[in-house]
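Grab a pencil and work through these exercises with the model open beside you. Try each task before you read its solution.

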Amino acid sequence: RFVFWRAWLSNIRDPTAVKVKLGQAVVISLLLGLMYLQADHDQSRIQNISGAISFVLIQLSISSVIAVLQTFPLEMPVFLREHQSRLYRTSVFYLTKSGADMPFLVIQVAIFSIVAYFMIGLNERADKFFIFFGLCLVVATTAISLGYLVSAGAPTVSVALALGPVSFIPFLLFGGFFIRSGTVPVYLEWIQWISWFFYGFETLMVNEWSDTQQLTCSPQDVGCIKNG
């Protein structure tokens, strides 16, 4: 309980950082929404929605990883001293730190999801939105876990910040945005199966298109796709 309370206080004692994170969610979601504003229900929607969902996953992952990279290098001396004194286990420190950050993460992801989802004009069904929000939260939480892993293994903040982007690029490359899953070299295929980008992109695409019944076609469209 003490460790959780200390982690919680460290968050609320820095309201500027919280405001910056929430402001970042608003600004980037507005930019994304304006770029894909109320995407038309024609053949261009397929590419536009794919691009929007890709951006959502990339943005959530980058912001989540970077947000926690400084955690362990800054708190490691205190943790080692208290852990060696047998005040608590390593798992307690990790779980309380994650739990203290979770309410702020939920609010940040909720703001981003609400603004982006309705400005882009994704599926109007309420259950589709809540699935979208839930999946975005899972993606952000997964990315944070990777950020904690890198942070715990880095001796200094500068090293953690240098390793952070490198750590998730392999998962991004094999997430289905840049290469078709069936053409991935066999010796690198395993990266695809542990990439949250891969599962997140596929699930969000199914969530969006699974009950789409009508996409308009024009005479210029080749290989017209009429439904989801």
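This is a predicted model: local features need pLDDT of at least 70, side-chain atom pairs count only at pLDDT 80 or more; totals for chains, interfaces and linings use all residues.

Numbering starts from 1 along each chain as its sequence is written, and side-chain values use heavy atoms, with hydrogens and water left out.

**Exercise 1.** Work out how α4 and α5 are oriented to each other.

*Solution.* Start with the angle: helix α4 (residues 71-84) and helix α5 (residues 90-120) pack at about 140°, with axes 11 Å apart. Angles under 35 degrees count as roughly parallel, over 145 as roughly antiparallel, 65 to 115 as roughly perpendicular and the rest as oblique. So α4 and α5 are oblique to each other. Next, the contacts (heavy atoms within 4.5 Å): Thr71, Phe72, Glu75, Phe79 and His83 in α4 meet Thr90, Phe93 and Lys97 in α5.

**Exercise 2.** Do the orientation of α6 and α9 too.

*Solution.* Helix α6 (residues 126-153) and helix α9 (residues 196-209) pack at about 175°, their axes 10 Å apart. That makes α6 and α9 roughly antiparallel, therefore. Among the α6 residues that meet α9 are Ile131, Phe132 and Leu135.

**Exercise 3.** Which element gives the most to the lining of the largest pocket?

*Solution.* First, the lining has 31 residues, with Asn11, Ala17, Lys21, Ala67 and Val68 nearest the pocket centre. Then look at the contributors: α3 gives the most, with eight residues.

Definitions and conventions
Axes are lines fitted to C-alpha atoms, for helices over the stretch in contact, and angles run from 0 to 180 degrees between N-to-C directions. Helices (H or I, at least four residues) and strands (E, at least two) are DSSP runs, numbered from the N terminus. On a 1 Å grid over the protein atoms alone, a cavity is a set of points where a 1.4 Å probe fits but cannot get out, and a pocket is an open set with protein on both sides within 12 Å along at least five of seven lines; lining residues have an atom within 4 Å of a point.
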